[in-house]
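Dear colleague,

I am handing over the structure below, together with some notes on what I found in it. Please read them alongside the sequence.

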Amino acid sequence: MEASLFPQQSNVTSYGPTTVAIITLEVSLGMWINAFLVCVLCIGWVKKKTLNSNEKILLLLGCSRISYLCFTWIYHFLSMIYPHILHVQTIRQLIRSLATFFNYSSLWVSACLCGFYCIKIANFRNSFFIYLKVKVDRMVPWLLLGSETVALAMSVFISDLSETLQMNNITSTSQGNFWEVTIRKDIHLFSTFLLSGFVFAASFLVVTFSAVFLLFSLWRHKRMMQTSSMKDLSMDAHIRAMKSVLSFLVMYSINFVCLVLTIIYTTKKENIMKLLLYMYLCAFPGVHSLILIFSNPKLEKALLKMLSCVKLEFFMK
């Protein structure tokens with residue numbers, strides 16, 4: 001949510017170097033984690049000449065998060081160290097628009113990943129669900145394209161609303177009718193928060209329903225296995241998917257609460273609370289991607305192999 005993700009320049013410069021250092025560390029770690037994820041998937045793509053649906057989603061998610069972290073860091077760095085640069089409307093609007101687009105892209109692609117896990121692994125006898133399970137691999141590219149299109153449209157619209165709101169803030173003191181200007185600002189602010197809240201609530205609901213359906217499917221599958229006294233590899237698949245989706249749900253729940261708090265504190269002066277929220281939101285893409293890596297055997301093996309090589313080289317020195 002663009003209006004709440006970016007601090008006002010005049011309110012944060014007093015925190016300067018310390019805040020920039022913390023956010024820089026978080027962004028650096030997050031970009032490294034996502035860059036590792038993207039590199040492993042690209043190497044596998046070159047070797048196999050193809051990507052499965054899960055890898056396509058992870059690849060796009062990693063690229064979106066790298067870009068989001070990059071533009072978010074640029075905005076925070078400029079707003080805290082060189083705020084006068086953001087007084088140029090073109091630069092401010094460009095950075096905000098790109099950061100907002102990649103933020104929405106990351107959220108929607110994450111939601112697509114959870115939905116994909118649910119459809120691919122959960123077992124239901126409903127004819128529509130069976131149809132989705134058969135067609136889901138063909139649907140993934142279109143879902144990703146739709147996610148990017150929606151993210152682009154929403155980011156352009158919300159960025160325009162936010163820019164109009166900021167221009168109203170700048171010119172409000174020189175307007176003759178103060179009440180008219182105030183009402184117009186409130187309408188723009190409400191519209192921005194409403195659209196932003198819809199984007200985050202929709203992705204959060206997809207993750208929530210995916211977790212509920214997977215949990216119900218796992219419970220049914222476990223009962224069937226106990227009744228038939230048989231073991232099934234599907235149980236392991238259910239458990240792995242549940243660990244991933246439940247971790248998503250916990251992270252998304254915390255993230256959603258932080259985003260709601262960010263909306264509340266956007267119109268207030270509690271700078272310390274806002275900066276704490278910004279720090280968490282900058283840490284979220286890296287932590288979430290790290291969970292994705294450890295829930296994927298291929299990515300986990302590559303990460304452990306790389307860390308063992310780094311450790312061996314360190315001790316040899």
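Please keep in mind that this is a predicted model. With which side chain does the side chain of Ser53 make a polar contact? The partner is the side chain of Asp137, at a distance of 2.7 Å. Leaving aside residues up to four places away in sequence, Ser53 touches Asp137 along with Phe116 and Val140.

As for its setting, Ser53 belongs to helix α4, which covers residues 53-81. Ser53 has a relative accessible area of 7%, and because buried means under 20%, Ser53 counts as buried.

Helix α4 can also be described by how it lies against helix α5, which covers residues 89-121. The axes of α4 and α5 come within 8 Å and cross at roughly 150°, and since angles over 145 degrees count as roughly antiparallel, α4 is therefore roughly antiparallel to α5. The crossing of these two helices, α4 and α5, is left-handed. Sorted by class, the residues in the contact of α4 with α5 are 18 nonpolar, 9 polar and 3 charged.

A further residue to look at is Leu143, which sits in helix α6, made up of residues 127-171. Leu143 is partly exposed, with a relative accessibility of 40%. Although Leu143 and Ile57 are 86 residues apart along the chain, their C-alpha atoms are separated by 9.7 Å.

Key
Residues numbered from 1 in each chain as written. Predicted model: local features only at pLDDT ≥ 70, side-chain atom pairs only at ≥ 80, totals over all residues. Heavy atoms only, no water. Helix = DSSP H or I, 4+ residues; strand = E, 2+ residues; numbered from the N terminus. Buried < 20%, exposed > 50% of the residue type's maximum accessible area, 1.4 Å probe, protein only. Polar contact = N/O pair within 3.5 Å; in protein donor to acceptor, adjacent residues only side chain to side chain. Contact = heavy atoms within 4.5 Å. Axes fitted to C-alpha atoms, helices over the stretch in contact; angles between N-to-C directions. Parallel < 35°, antiparallel > 145°, perpendicular 65-115°, else oblique. Left-handed = near helix turned anticlockwise from the far one by under 90°. Nonpolar A, V, L, I, M, F, W, Y, C, P; charged D, E, K, R; others polar.
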